[in-house]
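Trainee: I would like to learn how to read a model like this one, feature by feature. Could you walk me through it?

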Amino acid sequence: MPKSNKKKKDKAADFSKAKLKLGKGKQVANNVIDTSFKARSIALPTQNIVTDRDAEAPTTKRRLTFDALIAHLKHYNASTRKDALLGLRELLETHPKLVNTHLTTLVNSCVRIISDEDVSVRKTLLSFFTWLFRQVSREDIVPHSPVLLLFTTSAQTHIFPEIRIDAIRFLDIFLDHIPDVVTEGWARQGGGSHGRRVLEGYLGILNAGTSFGDGGDTGPIQATSTASVVLSPASKLVVLKSLATFLGYAVTAISTANHVTTESHTGNLATPTWYFSSSFASTSAFDAFDALLRPSFHPSSHSGSYQSTTRSWIPEALEDNEEHFVGHFEFATSHPTSWGINELNDVVAAVAALSESTQSGTALDTHVASVAHIARTLQATLVSTFLDCAPAVFSPSSTPSETELQLVLVVCQLCRSMYGKILQDTSESRSSHETAETDLQTMLSYLSPYFPFTITGPFTAKRDVKMEQAFQDLNLIFCELSSFLVLASQGDSKRAPAPRRSNPRLTRTKRAASTLESASIVRARQIERVNEYIVRLLRGETSSAGVQPSISRQIAPQAYVALLPTIWSLLNSTTSEAADTLFAAVMEHAVKISSASAVKRHTIDFVGRLVLLDREPEYTGAFRTGQRQETDAKLEEWMLQLPKALWESAGNHLATTETILRLLLRASQRRSGLLRPETYTSLRTRCVPYFAITHPTRGKLHGPYAKLPANSPLRRLALDFVVTLIDQGRRKADDGVDELVAAVEEATQGTPEAEYFVGVVRSLR
């Protein structure tokens, strides 16, 4: 019986419908066919069976060729892209010849990962570019600059802030090698110039507006940046540092006379002279004054020969030697055909229009206007950055952090670059000058409470030289910014006063007058403190009491050059006791400084120009020689020690030797009021040992003149100065003339200069 029941159930099961339970899916039939499948791939990135490989091709340790590494830069794996960059550096270091032959392919492949989303890849590319650009000449990099800057400026506007910051680091590399290409066209409104896109990228990262509203430069600033990310102090430091470098190169490229310390073509630190320009009635007069002590001779970079910017006059042109005019006339040689009447009319009309616009003052410098635009745009950013960092940097109870200290320093550097260019340009409109002066005075009002800037943290045995240098740079920049205001006020006093508008509200006029009076009082206090700081610095004293003590040391050449605009602005102001103290400190430093010091040449250049000012017909400054006996006595004492400095410099400091000889020659030719007959006599006596000396046991010996290079034009420059002394001495019947002539003849005997000296002396009779 049970057996039959089981059979009935089995038969019924084939036709019964299964009940679905809650949460259970539909059961699959027993006879269903499974059609799913799995596939696996085998990747062989380092092997290629089909293509034959060149057995002689250079490879890395992992046996990867250049083409294979370039292909790996496009790999989806970030580690593979990073390893490809490391492999490229390994391959190019082992085989340097591949750099020039594959530079185009290398650059075009690497620029695509400038905006790579992986931070390790970007960091490796930064290191690779830093190394690569040192191996390639500038001429080979410039042709690839468009694609480099195209991808970099694109990365400046990337959605991720980390990529934007790394784009700034790439720009730092480009600024180190091709700064003129990076800054090209930065002041051009509109267009697609590289410099303009780079500048807009900087301002966009800083969340600063790049355009003004209705009314041009007078309208409110409109924010054009879409970046809403607040930068960390470290990231802001990267951006502001790079922007300061960018503006430094941009302003230097358009400036005819730099306020910043630049390297001259000889490799020596050049002495700036732009601050004298506001004391001359015309630009041509200042240019002539600037050329008086400008070096004309410099050694060639490849050999010991000397190159000159002048050449000797030839009385008659030789037939076998092509004679050139002094100067370059493009229109005389560039057009093979003659000029027609239409072309001449166009030239005359263009010259007349240019002259009219220049005289009316309507032709403003586009670059200076752009700098003024940027200064207004960045004013709020710079002020807020300083106010955020100043309490921590100048706190008396703690040592400042490196990042915040550098942020304060870079803010001051940006102010120096921008306001220095604006206030130096005399062609800029009065309104732009007033705006710049107001903004600069605002910044100085925030800096002034902390001046002089010193390390006020707890005393430690270990000195932080880098931090001390940063604080000294802050002090120098503050002094320079103060000099900008003083020089600008001196220039504004010579301009025609702006027409006053009628104002019915007398209270507003009184309020403005009181504001100007209070501003002038604050400025006077700032100048007084700056004057005291410079005097202490020149005398080697500590900046202030109660700070970390340090060993007194001489002022560095860069620091002295940076102080020259401030020193002149204070000396050229109204005569006061503070100005007399500063002049005494300057002269004391100029006399005591060693001839072997790098500062000596700059002191001679600066003080020497003070001596030459009295014979300038278009000089309009307040500083004058010949009015105060104390001032003239100090300058005369300084001039009498120049032969000693000439002796000590000998042939080791040719730049100093040339500066001394040019100064003495110009002063003697111009009949300077400081060169009295007694001074001439003393100079002749002191110049004799420079050419020949008489030793008690060794007899006659050649002086330092013989150490000058045989092919150096400095030899004849020294003889020209001696001739002026001989001429003046013979007019006064001085007995010391014969001794000087004998010494020069002894020193020039057997040299090409002997005939030159004899001929010039004969012409004086």
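**Reading the model, feature by feature**

Mentor: Gladly. Let us begin with a spot in a loop: Arg63 sits in the loop between helix 1 (2-13) and helix 2 (66-72). Keep in mind throughout that this is a predicted model.

Trainee: What is the phi of Arg63 near?

Mentor: The general idea comes first: a negative phi is what most residues other than glycine have, and most peptide bonds are trans. Arg63 has a phi near 60°, a positive value in a residue other than glycine. Its relative accessibility is 66%, so Arg63 counts as exposed.

Trainee: Where is Arg671, which also has a positive phi, and how accessible is Arg671?

Mentor: Arg671 lies in the loop between helix 26 and helix 27 (677-691). Its phi is about 55°, although Arg671 is not a glycine. With a relative accessible area of 37%, Arg671 is partly exposed.

Trainee: You mentioned peptide bonds too. Which residues does a cis peptide bond join?

Mentor: Phe451 and Pro452, with an omega of about -5°. Pro452 belongs to the loop between helix 18 (430-447) and helix 19 (465-492).

Trainee: Let me step back to the whole protein. How many helices and strands are there?

Mentor: The protein has 30 helices and six strands. Of its 765 residues, 43% are buried. For contacts with a separation of 6 or more, 71% come from residues 24 or more positions apart.

Trainee: How do I check the length of a helix, say helix 22?

Mentor: Compare the expected span with the distance between the end C-alpha atoms. Helix 22 covers residues 577-592, and at 1.5 Å a residue its 16 residues should span 22 Å; the end C-alpha atoms are 23 Å apart, which agrees. Helix 23 can be treated likewise: it has 13 residues and reaches 18 Å from its first C-alpha to its last, close to the 18 Å expected at 1.5 Å a residue.

Trainee: Which residues are buried in helix 22?

Mentor: Ala579, Leu582, Phe583, Ala584, Ala585, Val586, Met587, His589 and Ala590 are buried there.

Trainee: At what angle do the axes of helix 8 and helix 9 cross?

Mentor: At roughly 150°, and the axes of helix 8 (residues 145-156) and helix 9 (residues 161-177) come within 7 Å. Helix 8 is therefore roughly antiparallel to helix 9. The crossing of helix 8 past helix 9 is left-handed. Helix 8 brings Leu148, Leu149, Thr152, Ala155 and Gln156 to the contact, while helix 9 brings Ile163, Arg164, Ala167, Ile168, Phe170, Leu171 and Phe174. The residues of the contact of helix 8 with helix 9 are nine nonpolar, two polar and one charged.

Trainee: Now for single residues within helices. What does Asn531 touch?

Mentor: Leaving out residues up to four places away in sequence, Asn531 touches Leu570, Ala578 and Leu582. Asn531 is in helix 20 (residues 506-538), and at 8% relative accessibility it counts as buried. Leu582 is also among the buried residues of helix 22.

Trainee: Which residues does Gln472 touch?

Mentor: Gln472, found in helix 19, touches Tyr533, Leu537 and Ala559, again not counting residues up to four places away in sequence. The C-alpha atoms of Gln472 and Phe453 are separated by 7.4 Å, and the two residues are 19 residues apart along the chain.

Technical notes
Residues numbered from 1 in each chain as written. Predicted model: local features only at pLDDT ≥ 70, side-chain atom pairs only at ≥ 80, totals over all residues. Heavy atoms only, no water. Helix = DSSP H or I, 4+ residues; strand = E, 2+ residues; numbered from the N terminus. Expected span 1.5 Å × (residues − 1). Buried < 20%, exposed > 50% of the residue type's maximum accessible area, 1.4 Å probe, protein only. Axes fitted to C-alpha atoms, helices over the stretch in contact; angles between N-to-C directions. Parallel < 35°, antiparallel > 145°, perpendicular 65-115°, else oblique. Left-handed = near helix turned anticlockwise from the far one by under 90°. Contact = heavy atoms within 4.5 Å. Nonpolar A, V, L, I, M, F, W, Y, C, P; charged D, E, K, R; others polar.
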